[in-house]
Amino acid sequence: MATTAAQPPVRPRLRVGALAVPRPGPELLFGAAIALVLSAIGLRGGGGVQLGPTTTVEMLLQLAGGALAAGAVLAHDGRRLHGLETIGAFAAFAALTALSILWAVEPSDAWLEANRTLAYLAVLTAGVVLAREAGAWWPALLGGILASCAIVSLYALGTKVFPAEDETFARLREPFSYWNAVGLVAAFGIPLSLWLGGRRHGHAALTALAHPLMGLFVLTMLLAYSRGALLAAAVGAGLWFALVPLRLRSAAVLATGALGGGLVATWAFAQDALSTDKVPLDLRQTAGTELALALVAMLVVLLGVGLGIGFLVARQPPGHETRKRAGAALLATLALLPVLFLGQLALSDKGVGGSLSEGWESLTDPDATTPANDPSRLTAVGSVRARYWDQAIKIFRDEPVLGAGAGGYPTARRRFREDELVVRHAHGRGVEVAAELGVLGIVTSILFLTVLALAVARATSLRRRWRAAPFTPERIGLLALTAVVATFLVHALVDWTWSIPGTAVPALLAAGWLAGRGRGDEPPAVPHGLRDRLRSGLRRAQLSIPAAAVVAFALLAALATWQPLRSVHAGDAAIDALDEAATPRAGVEKARGKAQDARDRNPLAVQPLFELATIEAVAGRLDAARDALEDAVRLQPNNPETWLRYAEFALRRQNDPQRAIDLLGPALYLDPRSDQAAALYLDATRRVNGSAGALPPAGIGTTPPASP
């Protein structure tokens with residue numbers, strides 16, 4: 001009896017009008033969900049400094065991570081749980097961050113940092129769970145991250161094509177309100193584009209997309225004027241070329257994309273309307289239209305180049321020896337770049353030693369001149385970061401064991417600053433951890449990075465069997481994820497992108513996937529029987545109880561994350577009640593109740609106490625207002641703002657200049673450069689001495705704060 005070959009199953013089709021298209025499979029939907037979620041986090045979360053959007057993103061991440069973790073517990077089928085040690089190491093860092101509330105100079109900010117770290121723990125856990133349950137869908141994960149990088153980059157470039165009336169800067173900075181974060185997201189796309197264009201499997205049309213995507217990311221980094229992103233991208237690309245043997249294909253993607261993006265960027269730099277700050281809107285709109293045309297032309301040409309290269313390689317693929325020689329030549333070229341750089345320095349007037357010495361001094365001098373905010377900064381060495389790092393090191397030396405507490409850098413730095421700038425971050429994760437969490441923070445961070453590195457080495461077979469392990473498509477994809485994580489770590493060392501969800505979440509998701517993958521020589525997990533395993537787990541107390549505990553913890557974390565925002569809303573409502581009342585005293589009772597609600601929701605913050613003091617002063621209850629300000633000083637005695645507010649009250653409301661001078665001593669000790677404290681001191685001395693003012697006497701501003 002004749003047998004017929006088995007026919008592949010026909011995928012159900014969706015009808016759109018007269019068209020019938022294949023119904024998307026679960027892997028494609030998974031990748032699309034990753035792209036949409038990461039894009040939404042980038043577009044909604046902003047720069048991580050606005051409490052409202054940040055709180056929304058963090059709560060959703062905590063709830064989603066908790067749900068995935070609980071599902072993993074219920075669906076446990078006896079397989080080894082890879083990634084638990086990585087989760088545990090990061091959980092130790094998160095616990096230290098939360099505990100630092102007890103000694104933080106700004107405990108309310110430490111609470112915010114604890115919320116952020118718990119959200120990041122949820123993301124890392126989600127990556128571990130997804131790798132465990134759907135490890136075979138790794139191409140969808142890479143495609144989703146790559147698509148989200150493209151969406152954010154296009155959005156950033158769209159702000160130049162359709163400029164906002166209130167935008168004054170030429171550098172790309174949206175959707176994060178920070179240019180280096182835009183550049184970092186584009187830098188993530190560099191190794192992912194190399195993977196897409198260098199892979200030997202997959203549809204040829206998708207492979208060709210790597211060329212225009214590379215051009216898009218290069219253009220975005222250049223128009224953001226982001227030196228840190230270029231450095232991080234270079235490290236990520238260098239890691240890819242060093243570890244992955246697909247050098248010839250990848251080099252073609254990098255060369256064509258860099259050429260296309262570089263040409264458009266060079267043209268844009270020559271247009272004043274695109275490269276100069278504070279340009280009139282009509283000129284920016286005209287230049288934006290021209291940029292859109294150049295961008296579309298670049299993408300179309302690079303897509304054509306990618307299709308052409310794919311066609312030529314398909315017709316006549318290079319032999320093994322050709323690829324081997326080309327790869328060796330590429331590595332040799334990369335190795336020659338430092339030699340060429342040193343040769344150029346040797347031909348300069350200052351020579352190699354003088355040039356390197358000058359560059360190092362510009363990089364590390366706290367008083368170095370900040371580069372101009374124009375394209376010339378791409379080749380400049382100097383940076384204001386050295387100033388912030390120097391202040392962070394001084395904070396660490398002052399409190400080497402515990403630090404100033406999570407989130408305490410902006411408050412603690414005032415004691416050591418030599419400027420009047422308001423700075424929220426140390427622009428470097430390493431020095432910021434040292435300043436805020438001391439030696440304990442350094443140790444827990446190194447522990448996490450070490451455990452993660454071992455997990456990555458296990459997943460990508462980077463240990464002893466490196467040369468023997470085959471370069472399977474999955475292994476190459478995991479190496480691309482490794483390059484993304486390395487790109488983020490390098491950038492986080494020189495900037496504050498750790499605090500921005502849109503940049504930290506993709507890297508932590510990739511890190512969690514690598515940690516949860518397990519051994520690279522074992523087959524990846526294929527989603528199977530998840531619904532049945534969940535039902536079975538619900539009926540088993542040894543699984544359902546821990547799962548319920550995980551859900552409860554996620555709910556508590558989300559509720560705790562919500563409280564600071566609720567406190568701010570109540571405080572705003574208290575001030576609004578005063579402003580909207582027919583007379584100031586008419587809204588006092590309502591305002592007082594709202595201020596008390598704000599204090600109850602966030603007992604670590606001093607802002608509700610400041611608002612309560614204002615309300616009581618309006619009501620004529622100066623003793624109650626004084627008590628609120630004294631409570632603020634007791635709550636945060638190392639915060640110069642609490643002493644300053646109390647001193648201003650003593651001078652303006654109580655007409656007690658001598659008391660104000662006494663209170664300004666700790667304020668000036670904690671913030672010697674405060675213009676407001678200096679002005680209050682001069683006013684107080686005029687009233688005490690009846691003169692035009694005097695310099696602070698010996699000892700003022702040199703005594704650590706004590707109880708008021």
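Leaving aside its neighbours within four places in sequence, with which residues is Leu 604 in contact?

Modeller: The model is a predicted one, in which local features need pLDDT of at least 70 and side-chain atom pairs count only at pLDDT 80 or more, whereas totals for chains, interfaces and linings use all residues. Residues are numbered from 1 along each chain as its sequence is written, and side-chain values use heavy atoms, with hydrogens and water left out.

Leu 604 is in contact (heavy atoms within 4.5 Å) with Ile 101, Pro 107, Ser 108, Trp 111, Leu 635 and Gln 636, once neighbours within four places in sequence are set aside. Leu 604 is located in the loop between α22 (588-601) and α23 (607-618). Here helices are DSSP runs of H or I with at least four residues, strands are runs of E with at least two, and both are numbered from the N terminus. Leu 604 and Asp 109 are separated by 495 residues in sequence, yet their C-alpha atoms are 8.7 Å apart in space.

Glu 106 is placed in the loop between α3 (84-99) and α4 (107-134). Glu 106 is buried and has no salt bridge. Buried means under 20% relative accessible area, exposed means over 50%, and partly exposed lies in between, with a 1.4 Å probe and protein chains only. A salt bridge is a side-chain nitrogen of Lys or Arg within 4 Å of a carboxyl oxygen of Asp or Glu. For Glu 106, the nearest side chain of opposite charge is that of Arg 414, 6.4 Å away; Lys and Arg count as positive and Asp and Glu as negative, while His and the chain ends are not counted.

The whole protein gives the setting for this part. The protein has 27 helices and two strands, and 49% of its 708 residues count as buried. Among its contacts between residues at least 6 apart in sequence, 75% join residues at least 24 apart. The accessible surface comes to about 32,800 Å², and carbon and sulfur atoms account for 64% of that area. Such areas come from the Shrake-Rupley method with a 1.4 Å probe, and for residues only the protein chains shown count as cover.
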